[in-house]
Amino acid sequence: MATNDLMSELQKDSIKLDDDSERKVVKMILKLLEDKNGEVQNLAVKCLGPLVSKVKEYQVETIVDTLCTNMLSDKEQLRDISSIGLKTVIGELPPASSGSALAASVCKKITGRLTSAIAKQEDVSVQLEALDIMADMLCRQGGLLVNFHPSILSCLLPQLTSPRLAVRKRTIIALGHLVMSCGNLVFVDLIEHLLSELSRNESMSTTRTYIQCIAAISRQAGHRIGEYLEKIIPLVVKFCNVDDDELREYCIQAFESFVRRCPKEVYPHVPTVISICLKYLTYDPNYNYDDEDEDENAMDADGVDEDYQGSDDEYSDDDDMSWKVRRAAAKCLDAVVSTRHEMLPEFYRTVSPALIARFKEREENVSMIVKALHKQMKEKSVKTRQCCFNMLTELVNVLPGALTQHIPVLIPGIIFSLNDKSSSSNLKIDALSCLYVVLCNHQPQVFHPHVQAIVPPVVACVGDPFYKITSEALLVTQQLVKVIRPLDQPDAFDASPYITDLFACTIKRLKAADIDQEVKERAISCMGQIICNLGDSLGADLPGTLLIFLERLKNEITRLTTVKALTLIAGSPLKINLRPILGEAVPILASFLRKNQRALKLSTLAALDILVKNYSDSVTPAMIDAVLAELPPLINESDMHVSQMAISFLTTLARVHPDSLSKISGSILAELIALVRSPLLQGGALSAMLEFFQALVATGTASLGYMDLLRMLTGPVYAQSAALTHKQSYYSIAKCVAALTRACPKEGPAVVGQFIQDVKNSRSTDSIRLLALLSLGEVGHHVDLSGQPELKTVILDAFSSASEEVKSAASYALGSISVGNLPEYLPFVLQEISGQPKRQYLLLHSLKEIISSASVAGLKPYVENVWALLLKHCECTEEGTRNVVAECLGKLTLIDPETLLPRLKGYLLSGDFLKTLEDPDLNVRRVALVTFNSAAHNKPSLIRDLLDTVLPHLYNETKVRKELIREVEMGPFKHTVDDGLDIRKAAFECMYTLLDSCLDRLDIFEFLNHVEDGLKDHYDIKMLTFLMLARLSSLCPSAVLQRLDRLVEPLRATCTTKVKANSVKQEFEKQDELKRSAMRAVVALLTIPEAEKSPLMSEFQSQISSNPELAAIFDSIQRDSSSANMESMDTS
């Protein structure tokens, strides 16, 4: 009890011990380790953990000394407890990266004692414990023991030839941890030793051990062993041909680790590895597959005598190790296929046929990898059948509908596992989930002949006592209901024989109150589907079931699922009678709108919308009032999706219950108008808003007529009390004005006339002009305004305004109005472009608006004229104008690509885009890279096959060119200008995009060379390469690990650079931003499991933790990244 109390005290942060107490506690605990009672010993060991971090360094050394001495004791129990104690102490030491002196001194103390215990070889059990602790210490604190690495290596190497295999195995584990942190000299010694021993090949037993050791080193430090593969692989290939199954298995496992951990260096040897794997995939010397089919048929005919055992001296399968070779070969092929995406076409030709041929494999472990099918689905082996289901699921997810022809063969196989008494729970769950995916991804008619066979086993599974089987079966039932009566297509299938069974098994689960949460939810969803698709056949059962839904709606745990089920039922074309529950359900739904749960709000709004739409005759004004009272807080810019759903509901209300809209003139309308002025209103929410205003003005509600709404929308702009802060607000108001005008065409001419006067009026503010022009544009887009004679002149005059925003609005308005009447306005715009050189830029923007928005059919007659005009302006001296011309040409080409694309290519001197990457003009090359980047981002398929040609040019542009750097004198100062910076930036931006779209086509090591150069380049490029490094850490960690030491140095340089004291504020801000960005890259690199074992990285981490400024940045970034991970998990 006392020891237990001591442990509770030690775990408190508040405890402080003076020197005397420390000494007594340590002495007492060490004494208790030798206690006769095992439980007391165990408690004493548990006390060591918290004690190490509470006492002074010399006390920890006393503890370690005593434990090391006890470990060599004659008493087995004391030895065991002391080795557990040492592991506990090592586990509690601060990590190597913290730069703690305590960890260093303790590890040094232990190391000497351990190496002598390992080297003595007197007592194997002591040796095994010492090796275990050594491995643990090297894993956690390897970086602190650099000076001891040579002596550790020299004590470990002889153990590889120990007569005890357990000693060899633990030695290999320790060596694996050693190579992660040791210096290059120690690593070279180790590899040279292994290579020379393998070349001597003295005994088969040690050769096996050395091959295992090389595989372990490759797994732990693939980034270091790569350069030795040229020597290693020929030896491993040679040993593959030795007649020893165990050795073969280890050789193939070594190949697998090379493939995964040294992708670049193993590349030339991949064909050899594949041929060896294909050879040994079928290696089964003790079995004749050719006779198998006849044997099977004979057995089926005669029946099998279960008791027959065969004679004792016959060959036994237990002696046959060849299955391990086949398993290793299959795993190695898996590694090759998953790491060499660029060779997939080749694998389909060579590897796939071999894998399919192995579907008659006997041994289960290999069968797990080689997914077996048809016959295997009725095998006794549970593992084999599970693999079949996983394979089918994967296949259907990749190729929906692929199994249409095979359903008659597969369904009996699935049903077999559902009915089979020997099936495990997991097998049934896999069979059900496979059936679910198959049902979801094929046409309903395919299953109709099999419904009679499918329903009984599925219904039985819904009644299964194990909740996971029930849950999966309910999901299948829900899908089955859609299959037997698909509502979206006419169907002759008679579902009536199955309705009673499906309903009965589901209602039982729906009524049960004490079942698992997931089963509850799936029972609700399943019953929702049954009522939606089969509700007209449920008769007297329907009202009672709906009342259960009402109960589930009142329960916090099930309410969200119930809301979704009710939405499904309300939308059913069968017009299910929901009237018995509407009176109670709608107020409950209204109350959900004030809950904090966002998903509940969204689902509730969708449910209310469909209820009002389809049950308008039963929805009373009181119900609607209850909902309207909850709407104002939902309409605001903080959540556009909820706002959009709320506005859609109001639109439905305006169409179905126009009388109820007189109630919205207060706070709801105020929120709507405020949202129109928000700069964030766009996309779906904006479209919903426009629909709402059109529906609202059509209701003819008093004080919400056309002019009333127009005043509300435009009032603040005309009142001039305060200009709207954001330009986007004017665009949204203009779109709303146009929507109202389209809904009330009679009001149009007067309002358009007013807007024209507002633009002309010299007393109008820029804000009024801006809104009037945008409104004219929006109205003119849908209504022909050619009847307004002054319009053209007024807009062209606005081109001369002093305000850039008014000019831009005039340009947009002219383009948008032209779309409303192309024959009238497009020739006018083209004529103005030719005749008004000063206004060209704005007029070309008008043309761009026309090309972007007009219909293809309407534009077709004018394409040639527009094309000719654009070509004239291609060589304009203004870059801005050239850019607009380029956009117009691109958009125009999409109208008639067959004719225009070849023409566009023809204008490139060679007709070949790739040649522009070699153009002598720097700007041409830069624009070519920008184009390439856009293609890589939007249409990667266009450029994937060009990468071999493009990448050398791309990488060439990442280099700093001295000849492009010049000095400019600015008064008394000299300023350096780098004309090559923009093209380098464009090149690095392309590289970043390629990581997302074409990773499998890149030689990642070549890519990393240029990233490495970028880390030492200009500020802008450093920022880009830091981002790339973070991305690469998650995409190809093993390649980054191989280059880690070369990448750490530039990151360290950036983090430790100091800005000159007399620099301007921007310089300090820039450097801070660089530091943060570099630190993000460091945090990303540290997510690679073995990264912190690198000596350079470990040293850099110590440097960060000892510098308060860097440590603070590092901690804040780590916190941000972990909270971001949590958020992504929440939303997924």
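1. The protein chain holds 58 helices and two strands, where helices (H or I, at least four residues) and strands (E, at least two) are DSSP runs numbered from the N terminus. The model is predicted: local features need pLDDT of at least 70, side-chain atom pairs count only at pLDDT 80 or more, and totals for chains, interfaces and linings use all residues. Residues are numbered from 1 along each chain as its sequence is written, and side-chain values use heavy atoms, with hydrogens and water left out.

2. Overall dimensions and packing. Taken along the principal axes, the C-alpha atoms of the protein chain fill a box of roughly 110 × 95 × 75 Å. Of the 1132 residues, 50% count as buried; buried means under 20% relative accessible area, exposed over 50%, and partly exposed in between (1.4 Å probe, protein chains only). Among contacts (heavy atoms within 4.5 Å) between residues at least 6 apart in sequence, 72% join residues at least 24 apart.

3. Confidence. The mean pLDDT of the protein chain is 82, and 91% of its residues reach 70 or more; pLDDT is the predictor's confidence in each residue, from 0 to 100. Where pLDDT is low, the predicted coordinates should not be read in detail.

4. Domains. The domain assignment gives domain 1 (1–92), domain 2 (111–182), domain 3 (191–285 + 322–338), domain 4 (911–1002) and domain 5 (1023–1125). These bounds come from an automatic or database domain assignment. The C-alpha centres of domain 2 and domain 5 lie 33 Å apart.

5. Cavities. A search of the whole structure finds three cavities of 30 Å³ or more. On a 1 Å grid over the protein atoms alone, a cavity is a set of points where a 1.4 Å probe fits but cannot get out, and lining residues have an atom within 4 Å of a point. Grid points are joined across faces, edges and corners, and a volume is the space filled by probe spheres set on the points. The largest cavity has a volume of about 40 Å³.

6. Lining of the largest cavity. Val586, Leu608, Leu611, Val612, Val619, Met623, Ile624, Val627 and Phe649 line the largest cavity. Helices α30 (598–614) and α31 (621–630) each supply at least two residues of this lining. By class, the lining has nine nonpolar residues, no polar and no charged; Ala, Val, Leu, Ile, Met, Phe, Trp, Tyr, Cys and Pro count as nonpolar, Asp, Glu, Lys and Arg as charged, and the others, Gly among them, as polar.

7. Valine 656. This residue is found in helix α32 (residues 640–656). Valine 656 counts as partly exposed because its relative accessibility is 28%. Not counting residues up to four places away in sequence, valine 656 touches Val612, Lys613 and Ser616; Val612 is one of the residues that line the largest cavity. Valine 656 and lysine 613 are 43 residues apart along the chain, and their C-alpha atoms are separated by 6.6 Å.

8. Helix α39. In α39 (residues 791–798), Leu791, Val794, Ile795, Leu796 and Ala798 are buried. The cover over these buried residues includes α37 (748–760), α38 (766–782), α40 (804–820), α41 (822–835) and α42 (840–853).

9. Valine 273. Helix α15 (residues 270–281) contains valine 273, which counts as buried at 2% relative accessibility. Neighbours within four places in sequence aside, valine 273 is in contact with Phe255, Val259, Cys332 and Val336. From valine 273 to alanine 607 the separation is 334 residues in sequence and 59 Å in space, C-alpha to C-alpha.

10. Glutamine 478 sits in helix α24 (residues 467–484) and is buried, with a relative accessible area of 15%; beyond four places in sequence, glutamine 478 touches Ser525, Cys526 and Gln529. Serine 678 lies in the loop between α33 (667–676) and α34 (683–698) and is buried, with a relative accessible area of 4%. Leaving aside neighbours within four places in sequence, serine 678 is in contact with Glu637, Met640 and Ser729.

11. Lysine 575. The loop between α28 and α29 (579–592) holds lysine 575. Its phi is near 50 degrees, a positive value in a residue other than glycine. Lysine 575 counts as exposed, at 64% relative accessibility.

Conventions: 1 Å grid on protein atoms, 1.4 Å probe; cavity = no way out; pocket = protein on both sides within 12 Å on 5 of 7 lines; lining within 4 Å.
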